[in-house]
Amino acid sequence: MTASRLATGGSAIDRSRPIRFSFDGATVHGFAGDTIASALLAGDVAVVGRSFKYHRPRGIWGAGVEEPNALVDIGGPRATPNTRATTEPARDGLVAKSVNATPNALTDRNAFLDRFARFIPAAFYYKTFMWPDWHRFEPRIRAMAGLGTVDADWTSPGTADQINHHCDVLVVGAGPAGLAAARLASGAGLTVTLVDDQQSPGGSLGHRAGEIDGKPAAVWVKETIDELAVGGHLILPSTTAFGIYDHNLAGLNQRHFNGRPDTLWRVRPRQIVLAAGAIERPLPFANNDLPGILSADAALAYLRRHAVLVGRRIVVATNNDSAYEVAGALAEVGAEVRLVDIRRDGMPAAPANVPLVKGRSLASASGKLRVDGVTLDDGTRFDADCVLVSGGWTPTIHLFGQARGKLAWSEARAAFLPGDPVDGIAVVGAAAGAVSLSDVFTGAGPAFAPLGQTKAPLPRSTGPEATGGILPAWPILGSKGRIWIDYQNDVTVKDVELAARENFVSVEHLKRYTTLGMATDQGKTSNLPGLALMAGITGRTVPEVGTTTYRPPFTPVPLASFAGARVGELMAPVRRLPLENVHRSSGAVFQEYGGWLRPAHYGGYADAERSIADEARRARQSVALFDGSTLGKIEVIGPQAAAFVDFLYYNTMSTLKPGRCRYGFMLSENGVVFDDGVLVRLDEHRFVVSCSSSHVSAVHARLEEWRQDRFGRGAVYIHNATAEMATLTVSGPNSRKLLETLGLGLSLDDADLPHMAIGHGSYAGDEVRVARVSFTGDRSYEISIRADRAEPLWAQLRQAGQAFDAVVIGLEALMILRAEKGFIVIGKDTDGTTLPRDLGVDGPRVKRQTEFVGRRSLFTEEASCDNRMQLVGLAVPQGEAPLPTGAHGIKRIDGRLRSQGFVTSSYQSPTLGRPVALGLIERGATRHGETIDTQHLGKISKATITAPCAFDPAGDRLHA
Amino acid sequence: MQLFPCPFCGPRDETEFHYGGDAGNIRPDGADVPIDRWANYLYLRSNPKGAAREIWVHMNCGEFFVMERDTVTHKVLSSAALDGEHVA
Ligand SMILES: [Zn+2]
């Protein structure tokens, strides 16, 4: 028994509330207020995980977010991999498992890997996975390396809240600096948001000595927090500020620990005060990764917060003043403590009952599954069940770095401190290099100076003051044994040396080559020692080597936080038809088409293909009903409406008579066909752009752009009425007869309502617009009515349709009907190179005298070259199956296969009893009748080039 | 996340905006525009390091506007409607 829980003390724990949880299958006891780590230490569990690469036994190192070793997978209803045991509250019934260990951390069966360590140095993957056939080893090697395991069956218990928040001052860190800054900001009448990643505020005041304004630190913390809460300021515990983004946006992740998903906060403060403290560094000596070797500051935190004494015979090794308080506190509670300082002079006095060894450093630690002693550089050996180390302090300035703050090297602190100020961010406290409470408070004063003057007095430190003396103790070349730099990624001094030898000397290369500073801890304890070592090896100074780029997130953030409510259907919400429920009750099978959820078919047969074929066949026989509500209905209104549509369309539209429709293309400025559709002229100054369903937003945006850029506010007005109206299509030889039964109050006579004309009528008191346009090749009427009044009209169409054997068709059948006619779908039968001429529409290019979008691009060399891909029909030999869509037309050049185009649409036509297909084929328009080879997945078959239209080429049925 | 000032709606998150190209990229009209000029209009962008004058559209209100901003510091220098009447 070495580590243990003391009988009294522990500011964070509540001894009246014992809890139990499981770790690697064994029961662990603790109290409310424990973290998993403090409870494991109290239970003397030394080995809590295995290292990433060598499967070395690892114990708890720290007491906060910097923890590199003690990662656990949390099971149960809120399974989370790679959780830091040092920040995860211990809860009753929690199930935790060590990472990268099988079956458990203590008896890991891959532990043998450590004996092969010299065969798997840095960059081992890069070198091994090349030769001779790395696929053979890769799966096993990958399985042996790594950290936690993702639970494939995990489902979120809910969606994470995302909250947008504004305040004057965001204070990150509720230690002495943050609390002081928050209080001063409050005194200036500013609104404050105070966040801290611990469950309770205070930061270092929770375990370091201090007296403020004549009160014990804990009392001052509580009073300050109460005062802020009463002042209406937002205080968020268990919340990490993980990133700073452009224009001072801060990302916060708040944890709840009650099964509820975390909350993401997007805070836009006027000023950010970064008071995130500092992180203690390890010291370099052989086997410095053994369980039982901890950060000295962490040991003090476990003692004072959790009443956990980390060992009985303790060696405290340091290069700076901060470890002296630790040694004294441990000796006070009865541990046998020995202090080893690399400095010969200039250090504080040794605490009572603590022998001090001056001018010596640790050379190595010994032990198997936990440390059992250390040897100094003069060969002296001390037995120990615990070794505490302090290699100095690294200010937590990640957020400052993310905000593009430049860092400045401080020789006195042996650390990077914030350099030139960044607008909107102030760094205070230990993060700015302050050590004593007096310095911390003085530095907090000007933190929000740009925003106002405070009436609150500056807190005063009235107790003992910490000192910051330090003598750097960076890892150096030529030391004996294996000295760990990065615990989490198993990077040793030799790995950094190897990187330097192979010329990966840039700090960014060093990171990628050795993995130093990667993974979940992002090198919080290891980066500085690593780059200081590289500096030493390459004869540069630390600032010359520099740091890697700081990027969010500071600590891992659950993807659920970023996703928020954007999961499942809400990930990319579909647009829905006003008649969706009616279609559902008719058995419709829905699919998403260009963002719309539409009936694919109506499920007449169990077999979808047969249902679709049946709908397409019957549509040609009598009459078909189709919900075309998704069709674009963008109104262009105004004195220059005609000039406007002339400019937007490839075809001349201003000559269209009111009450008539015209089919046309819209081009992009590069001449490529962007959309096609029918333009309706309602009256002299009013048009309706009936664009493709999936293109409505894009067409609308384009119309707006040209309106604002070229025509102006007084010239035209654009209104997207797509969602306001439902459009019900009646198509087929008997469509007019069916429509006549409705009594819409307009003449359906072909003289009054010819093909490509519109009429106005009414249904049940509502205005309806009837457009005689066809996408099927049969006589068709599109009836548009207020979306909320469409249901009775649809019901009556179906009712009246029974007498005509009417069929309701889905989009799949419509696709067959239009393909039979050779009608194209933009983006399916065209691509990003298709010009109008390639679709056989060259008249406007030649004839038009007025300007239109894309015009100049139609007269380029490229547009005129003779081997362009052109729209064709493709027929297959008698009895063969439809060509696969996407199959390539091929030809042989010098014995090699080359594509000469591809199949864009292909269906079995139930009416024609044979396949029909459309394609884009080189020079296709001049090659009708020619038979070519097509290839799909290696299979070659024949196809004959034809005109695009395979059904009723004369167009008689439009009028039948 | 940058904050862009829409001349009509005020400061809004950058995700609500679409980029519309360099400001001052005047469209040359006609079927006989010299091909280099047309190609420049279509494809040549200045991509400056530092101050840039750009067209943006605020998708929420649909208004296009001219914004001057620094591509290095991401500082927004000015924002005005196309007609110059509304200035944010
Ligand atoms: Zn706007």
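Glu497(A) is partly exposed, with 25% of relative accessible area, in what is a predicted model throughout.

View 1. Whereas Glu497(A) is partly exposed, Arg501(A) counts as exposed, with a relative accessibility of 60%.

**View 2. The crossing of helices α10 and α11 of chain A.** On the α10(A) side the contact involves Asp495(A), Val496(A) and Ala499(A), which meet Leu510(A), Tyr513(A) and Thr514(A) in α11(A).

**View 3. A salt bridge between two loops of chain A.** Arg779(A) and Asp750(A) form a salt bridge in which the closest N and O atoms are 2.7 Å apart. This pair links distant parts of the chain, 29 residues apart, with Arg779(A) in the loop between β44 (766-771) and β45 (780-786) of chain A and Asp750(A) in the loop between α19 (735-740) and β43 (758-763) of chain A. Arg779(A) counts as buried at 4% relative accessibility, while Asp750(A), at 25%, counts as partly exposed.

**View 4. Further salt bridges of the structure.** Over all chains, a search of the whole structure finds 66 salt bridges. In one of them the side chains of Glu862(A) and Arg868(A) meet, with an N to O distance of 3.5 Å; here Glu862(A) counts as exposed at 54% relative accessibility, but Arg868(A) is buried, with a relative accessible area of 9%. Elsewhere, a network of salt bridges links Arg56(A), Arg58(A), Asp114(A), Asp289(A), Arg482(A) and Asp490(A).

**View 5. Strand β47 of chain A and its partners.** Strand β47 (residues 869-875) of chain A has 6 of its 7 residues buried, so the strand is largely enclosed by the rest of the structure. Strand β50 (residues 914-922) of chain A runs antiparallel to β47(A) and is joined to it by 6 bridges, with Val872(A) standing opposite Gly919(A) of β50(A). A further antiparallel pairing, over 3 bridges, connects β47(A) with strand β52 (residues 939-946) of chain A, and there Leu874(A) stands opposite Ile945(A) of β52(A).

**View 6. An open sheet of 3 strands in chain A.** The strands of this sheet follow the order β23-β24-β25 (chain A), and their pairing is antiparallel. At the edges stand β23 (362-367) and β25 (381-383) of chain A, each of which has a single partner strand, so one side of each is left without a neighbour in the sheet. From one strand to the next, the twist averages 20°. The antiparallel pairing of β23(A) with strand β24 (residues 371-376) of chain A extends over 5 bridges, and in β24(A) the residue Val374(A) is the bridge partner of Ala365(A).

How values were computed:
Residues are numbered from 1 along each chain as its sequence is written. Chains are lettered from A and ligands numbered from 1 in the order in which they are written. This is a predicted model: local features need pLDDT of at least 70, side-chain atom pairs count only at pLDDT 80 or more; totals for chains, interfaces and linings use all residues. Side-chain values use heavy atoms; hydrogens and water are left out. Buried means under 20% relative accessible area, exposed over 50%, partly exposed in between (1.4 Å probe, protein chains only). Helices (H or I, at least four residues) and strands (E, at least two) are DSSP runs, numbered from the N terminus. Two strands pair if DSSP finds at least two bridges between them. A salt bridge is a side-chain nitrogen of Lys or Arg within 4 Å of a carboxyl oxygen of Asp or Glu. Contact means heavy atoms within 4.5 Å. Axes are lines fitted to C-alpha atoms, for helices over the stretch in contact, and angles run from 0 to 180 degrees between N-to-C directions.
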